[in-house]
Amino acid sequence: MRYGGIFLIKMLTAHTFEMDDAGYAVREILEQLDIERRILKNSVGLIFCYLDFIESGVVEAVCKALPFDVVGCTTQGIAMHGAMGEDMLAVMVLTSDDVEFSTGFSEVFSPGNEKRIAAMYEKTAASLSAAPSLLMVFKSMLPYLMGEMVVSVLDRLAAGAPVFGTIALDMATGVRSPQVIYNGVAYSDCLVLLLFSGDVRPRFSIDSMPQKKIRGQQAVITAAEGNRMISVNNIPTVAYMERIGLINDGVVELLYAFPLYIDNHDGEKQWPCIIIDIGPDGSVLCGNSIRPGSTLRISSPLKEDVLASATNIIELAKQEQDRNGLLVFSCFSRNVALMDSHDEMKLVQKLMADSSLPYMFLYSGGEFCPHYGSHEKLINKFHQYSIISCIL
């Protein structure tokens, strides 16, 4: 089935707020999807939910009830046509007569075994009749397996095919138990992969903080290793950040609230990254790798910045032609700038109210999305404190 010369992927969506009665939740999902009448030759499911849906057995029951593979992860906030909330489970079915899908998950990760990314990719790609044209990845929140490492390996193996996805999210006063999902089973230490093969032609958008919000004062990162920022201006990073008021008595004030902009002086655009932990040696653990000699600046986002970037992403998506579905991930750190944690979800629902386009918006622990370089060349990258979209 084709539309406007492009292979068609239909998108179906469903949701439930029932996290205790698995049978009732399954009936709600199946009734909304009506898959017997609506699915095409090849199908795959995406599932996103609050952690309690896993613990109660609802996720397992929903996945078993669907006649195709289902992958996804935990999140804390979903918006779609007709539903919005934190304590919610949502399913998105992608179905096509022309595009093939293949899913896989990695072995358990521990520090230093990044080769398991390649093993997972090769096994998942082997069942496809042609090379993957789009990769979706769902990653556990593992501090020793950085997002940029995942992007680098998948980009090389898939010959630059676009990589889009998210890190599993589950927050209380701190990180709780984020998990990825593969066919109803949840994992806290794995990667899950979905490959598309066919003429998919996705379009991507990214937005973060306006450059004018970055403070002008620069500091020099004088020592770093991997994603550990060891010293700034020749003093331990924690001591430097205590001087500027981000850390008090060894505790980060509003962890994730103030994204860092690190300039590696390589001519590339500066993208935000966040502090994820404090080391006992006075170093700071960041979401991306850090180079000694880079300069550091700190941004101060406001509610208006978060909502403006969400508006931009949605309006760009609505302008696309031959569109069949929209998936949006927004970094949960952006939520800190909002007065009401639902403001961004409410805005997305309002902007999409006049559109029949199936969509799903959800919060993320980190974002995988290509950006467009010169001559519209796609460059795969891992992001933080950003909002990203993929339109199919």
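Two strands pair if DSSP finds at least two bridges between them. Keep that in mind for the first stop, and remember that this is a predicted model.

Start with the sheet. Select S9, S14, S10, S11, S28 and S31: in that order, these six strands make up an open sheet with mixed pairing. At its edges sit strand S9 (100-105) and strand S31 (382-383), each of which pairs on one side only.

Strand S28 (residues 367-368) runs antiparallel to S31, and two bridges join the pair.

Next, bring in the helices. Helix H5 (residues 115-125) packs on the sheet, where it touches S9, strand S10 (134-139) and strand S14 (191-197). The direction of H5 makes about 35° with that of S14. Then pick H6, which also packs on the sheet and touches S10, S11, S14, S28 and S31. Its direction makes about 150° with that of S10.

From H6, move on to Ala-159, in the loop between helix H6 (147-157) and strand S11 (163-167). What is the phi of Ala-159? It is positive, about 55°, although this residue is not a glycine. Ala-159 is exposed, with a relative accessible area of 72%.

Last stop: Asp-34, in the loop between helix H1 (22-33) and helix H2 (35-38). Here, too, a residue other than glycine has a positive phi, near 50°. Asp-34 has 24% relative accessibility, so it counts as partly exposed.

Technical notes. Residues are numbered from 1 along each chain as its sequence is written. This is a predicted model: local features need pLDDT of at least 70, side-chain atom pairs count only at pLDDT 80 or more; totals for chains, interfaces and linings use all residues. Side-chain values use heavy atoms; hydrogens and water are left out. Helices (H or I, at least four residues) and strands (E, at least two) are DSSP runs, numbered from the N terminus. Buried means under 20% relative accessible area, exposed over 50%, partly exposed in between (1.4 Å probe, protein chains only). Contact means heavy atoms within 4.5 Å. Axes are lines fitted to C-alpha atoms, for helices over the stretch in contact, and angles run from 0 to 180 degrees between N-to-C directions.
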